[in-house]
Amino acid sequence: MRLYQSSKWIQMGLVAVITTMSATQAFAQDAGTRVAVVNSEKVFNESNLAKAMQTRLQNEFTKRQNDLRDSAQKIKTAAEKLDRDAAVMNEAERIRRQRELADQDRELQRKQREFTEDLNQRTFEERAKIAEKANSVLRQIAEQRKIDVIVQEAAYVSPKADVTDDVIKALNSLK
């Protein structure tokens, strides 16, 4: 189950933030500004908050996912049975069962779309909570180390400028 599917809006927002921060970084370095980098995906994947989020989402959505899988299997089995029995059925019965299968398949697809939308929404909500706490931690780190700019997802990061592990440690220490 893919619990970390991001919506297009999140991705576009991250690109906008990265672009803005990258431009700020270029100007800031000329002025002697201290810059650090954080890998937000690593924070979203490795912090205790992220692991707890994944567990919550799995607990919340596993039953629905299993129900959808079972429904899909039932439809597949019914379709195979219809294929086997179609030669000996009268045409009216065959058409009725084909329509029933088509209806069941449409309903399954609708439920799968709802499941995906609900999962994406809940993932977005949970990630937003983690992001809020991570931003607070980032501000604290910036103040402690007198960092002027913290950039997300740089193309190259010197290990001395990477504060990702410090952010994860600080998030893990939160209660």
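Along its sequence, the protein chain runs through the pattern α-β-α-α-α-β-α. That comes to five helices and two strands, where helices (H or I, at least four residues) and strands (E, at least two) are DSSP runs numbered from the N terminus. This is a predicted model, in which local features need pLDDT of at least 70 and side-chain atom pairs count only at pLDDT 80 or more, while totals for chains, interfaces and linings use all residues. Residues are numbered from 1 along each chain as its sequence is written, and side-chain values use heavy atoms, with hydrogens and water left out.

The chain as a whole comes before its parts. Of its 175 residues, 26% count as buried; buried means under 20% relative accessible area, exposed over 50%, and partly exposed in between (1.4 Å probe, protein chains only). The protein chain exposes about 11,800 Å², and carbon and sulfur atoms supply 51% of that area, as computed by the Shrake-Rupley method with a 1.4 Å probe. Among contacts (heavy atoms within 4.5 Å) between residues at least 6 apart in sequence, 85% join residues at least 24 apart.

Next comes one pair of helices. Two packed helices are described by the angle between their axes and the distance between the axes. Helix 4 covers residues 91–145 and helix 5 covers residues 164–173; their axes come within 10 Å and cross at roughly 120°. Axes here are lines fitted to C-alpha atoms, for helices over the stretch in contact, and angles run from 0 to 180 degrees between N-to-C directions. The angle makes helix 4 oblique to helix 5, because angles under 35 degrees count as roughly parallel, over 145 as roughly antiparallel, 65 to 115 as roughly perpendicular and the rest as oblique.

On the helix 4 side, K133, A134, V137, L138, I141 and R145 take part in the contact, and they meet D166, V167, A170 and L171 of helix 5. Sorted by class, this contact has seven nonpolar, no polar and three charged residues. Ala, Val, Leu, Ile, Met, Phe, Trp, Tyr, Cys and Pro count as nonpolar, Asp, Glu, Lys and Arg as charged, and the others, Gly among them, as polar.

Two loop residues remain. K146 lies in the loop between helix 4 and strand 2 (149–152). Its phi is near 55°, a positive value in a residue other than glycine, and K146 is exposed, with a relative accessible area of 63%. E153 sits in the loop between strand 2 and helix 5. Phi of E153 is also positive, near 55°, and E153 is partly exposed at 28% relative accessibility.
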